[in-house]
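Subject: Structure handover

Hello,

Here is the structure we talked about. Please open it before you read on.

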Amino acid sequence: MADSLGVLSPRTRWVTVIAQDPSVRRGKRIVTGEVAIPREDLREGPWGHRVQVVDYDASLDRYRKPKPITDRDDPFKDTDPDRLIADPEFHAWNCYAIVMSTLARFEFALGRRVAWSFGGHQIKVAPHAFADANAFYSRQDESILFGYFQGRKETVFTCLSHDVISHETTHALLDGLRKRYMDPSSPDQAAFHEGFADVVALLSVFAMPGVVERIVDLGETGKKETTDPPRRIAVSRLTENRLFRGVLRLGEQMGEEIQGVRGAALRSSGEIKPSPQWYHEDPKFEESHRRGEILVAAILHAFVGAWRHRLVGMGAETESLDGGKTLDRERVVEEGAALAGTLLTTAIRALDYAPTVDLKFGDYLSAVLTGDREVRPDDKKYDLRRRLHEAFASYGIRPSASTADGGAWPHAPQSLRYGGVHLASLQRDPDEVFRFLWDNRKDLGLDEGAYTEVLSVRPCTRVDPDDGFTLHETVAQYVQIRRLRADELRHVDVRPPDGMPTDTEVTLYGGAALVFDEFGHLKYHVGKSVGGDHQSEQLLRRWTSGDFERTAAGSGGLPHYTCAAPPARPRGRRSGSHGDEDSAEAQPAGISGWLRRLLPSRIPLRRR
Amino acid sequence: MPRSSAFLDYMKKVADDIATRCGRKNGKGGQLHAVIATHRHADHINGFATKGKREAPDASGDVIRSLEPRFVVQPWTEDPDLDPKALAPAEAAKIGGARGFAALLAGMQSAAAGIVEEAVRLGAKRLTPPGAGEESASGSAQSPGMGKARQVAFVGQIRFLGEDNIANRSAVENLIAMGKAKGAKALYLHADTTANLGLPGVRTHVLGPPTLKQSEAIRKMRSADNVEFWMLLGATGTKFTAAAGVPFPGRDCVDGARVPDHARWLRDHVRSARAETLLGIVRTLDKQMNNTSLILVFEVGGARLLFPGDAQIENWQYALANPEYRRLLADTTLYKVGHHGSRNATPKAGLWDHFAKRSAKDGADRMWSVVSTMAGKHGTTEATRVPRKTLVEALEHDTNFRTTQNFERAEPDWRDFDIDPTTGRVTEVEKPKHRRTAGSVMKPR
């Protein structure tokens, strides 16, 4: 997209995508939109510096040769959407653009480059990988694979769903940022991968003005379609209830042609009424996918609340001819899309302030509040932090950090030693960060007997989306691993579960995120210790869920007819869910929002 | 599903033998008292398949039908009133319940058909299973490599499980027709029903399958969404494997073998991801189908004969939660080993441990066990192998064990037992060797 002077941005390029999916329409027309992606010199595929699209179909054993790259800045601009969905080359572009824009959002939010988890630079994307109602990210295959299947009326291409692509890309990016989040831990951690991927997917979709317009229309009119909605809307009509109704209606519309199947991420999350009982009492919400929806629900409510807050603020400045306060419809839409972008940045940025292992929803909330306060100190415009705080609280999720400090993490101790470390090295060298940890292991409460490794050190420059204020930080993360026999667990204040043989070996994981300021001083140390009560709880959960039976089978030999888990599969792929550790046939974790809700829980899929 | 002619010939011989035993002479007469089809898996109902031509009863199913069985017993899921065909995926999802469940099973069967079609078309060469060399980093030229034999076995497993789950329409229709025939009675049973099979002195207890209401475990796999998933998957498998259904025909596409070099690494990985998913899907639906198995206990005087079909743990759970059934099962005199001796079909804690007539020593009251199985056909690891070695060892040690696997060629593939209705004692009848000559019976393949 060129600016009004016809000049193309040297760094950013805007390309046409399907705004959500082919079933979200205005009138009969599929809603399209544009996403911003980094400008780069592409090879045909498209094949860029971070994404390689390969159109290979395993069900048909067929490879589609891509078209040559043209010099059109937006190759599908102003193309009839019906032609777009019939064009496989567009499918490839749609994937490329949305994966890249999701990556760009992460890099913008975190203020640095974000790596894939598998070490290579380019993730592979197959837009028509197989004929199957399935789409997933796979670490071992270094790829995101999209299926297509027979829907209620016509063929459904998962590679045309914005939320599906965004969701899977988020799995990939989160896996690169926090590898340990796939370990068996608490129901919260298992749920986080899904819930967070849905949050990013939905907010990315809401950042498309065309989609926000549908939310406003659907909430406002309460009817199916108005051909010519009024240009101005009374502020009094833009209530939280109405806006939320629009969100829900959109959820119903997403994937309309296979209603009840698609769009479940938005719809089923939106339908969870605020109440602490889901999180704390309802066993149904112990299951990771449902639990993830609580996270999504809380953020959706914060979104609508902040949007309304902003609209009221704007409405106060306007007065229409008939004396009522009204707003230009376009501004309402614009604000919604802008807020979605801001909230998305906040949600992603929080990852740097989140513990590296054993994440709980309360930890994530504290991370959100901390990160947002650091970068966006002035919150008057949206009142976002209070709204997030309240929305999470309405679902029974309290910040892990003390509420006295607004729920943000406490600052690191002042007494730390910096004598032996060099600033320049501390900003990029894991050995230097380790030296810092070693010198301060007592003050930081590290387990001295554990194996400790610094996983990453990344300098970043974060920008306040509202006023351009920049913040230089260095984020690092480390893990601690300690392997103890059951009878040694008391040394780290962990209680072995009743009935666990004393010679059972238990591996405990701890670790933390470190956030240094621009002078190399530690601002935050956010993590989990190797020992303590939270480890006892986790161990008990693993024990009762049969997670240790496999080990027992290996040593003593279980009788033939038990239901013990079969041997672990190659490459140590593990389920993202727990309490259900049937190992080889565990939950299909790498599958996108609405699709994986359909899948019977026993179909093994590639791990994220 | 197409079966080899050797197999069909063999089933016909079995059916003819049944006819003879039921009193058929010179191709006339004879009546069968009851037919029991535990569940719809091909290996359990293929024998009921017909040739379609009513005038030429030359398939095993035609013979059985001509014997006019008085009772045709099947699990509740086979009740034709549930009529899965009449529902569209969305409707089935909305309706849920027993009809939705029947639709789910039908969807699974067409999904199986699609998978078999895909597996056959692609073959072991183009459906590479996950291999040992796969941890190689990006850019490595290595593909998921593995031994050719394992590769073939992996895809063979997909086909084996897939084929067993494809609907055998003629057998299903034959079973329904036999039940509807004049003078016959069709029984569609679930746990806790009383089945009167009109056998004097014999009580028939139905321990499974539970209905959806009875069993949360079966419910788990029955959410409305799953029904639609399976039905759409079924439609998908059959739609896109046919040449006509290929999306974007004629669009600069080349065969997988001609993929450019930069795409080969991914091609191999997508193939292996696909193979893994296919196996996962057939395993899931196979298990679901097994869990619709009838679990029957025939009580003859003091004897208890247990026939659990292919019931897996989820099916068993309902019966084993009932103390009355546990007592009944504890006194089992003859156990037809569940699911060909696989891992999850003989629950240890709930069932095996409580068999009171297990004994390491031979004696008049020692429990009998019979299994229909064939080693080397299924499973590659100790956990998945059928029959499970440890189970066979336990059966050999604790029961009078009979397996179809160690028959000698001269013998027929069945066993005759006598039951004393007063004492409940079971004894094996002398093998009727005179009825066959060596080599006259072909093994099925």
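Predicted model: local features only at pLDDT ≥ 70, side-chain atom pairs only at ≥ 80, totals over all residues.

Residues are numbered from 1 along each chain as its sequence is written, while chains are lettered from A and ligands numbered from 1 in the order in which they are written.

Domains of chain A

Chain A splits into domain 1 (16–410) and domain 2 (423–531); the bounds come from an automatic or database domain assignment. Their C-alpha centres are 30 Å apart. Domain 1 of chain A puts 23 residues into the contact, and domain 2 of chain A puts in 23 residues. Contact means C-beta atoms, placed from the backbone, within 7 Å. On the domain 1 side, helix H10 (329–349) and helix H11 (361–375) of chain A each give two or more residues. H11(A) gives the largest share, 4 residues. Helices (H or I, at least four residues) and strands (E, at least two) are DSSP runs, numbered from the N terminus.

Sheet of chain B

Chain B has an open sheet of 7 strands, in the order E4-E5-E7-E8-E9-E10-E11, with mixed pairing. Pairing requires at least two bridges found by DSSP. Strands E4 (194–195) and E11 (400–403) of chain B are at the edges; each has a single partner strand, so one side of each lacks a neighbour in the sheet. Strands E8 (303–307) and E9 (334–336) of chain B pair in the parallel sense, over 2 bridges. Leu306(B) has Tyr335(B) in E9(B) as its bridge partner.

Best wishes

Note on methods. Contact = placed C-beta atoms within 7 Å.
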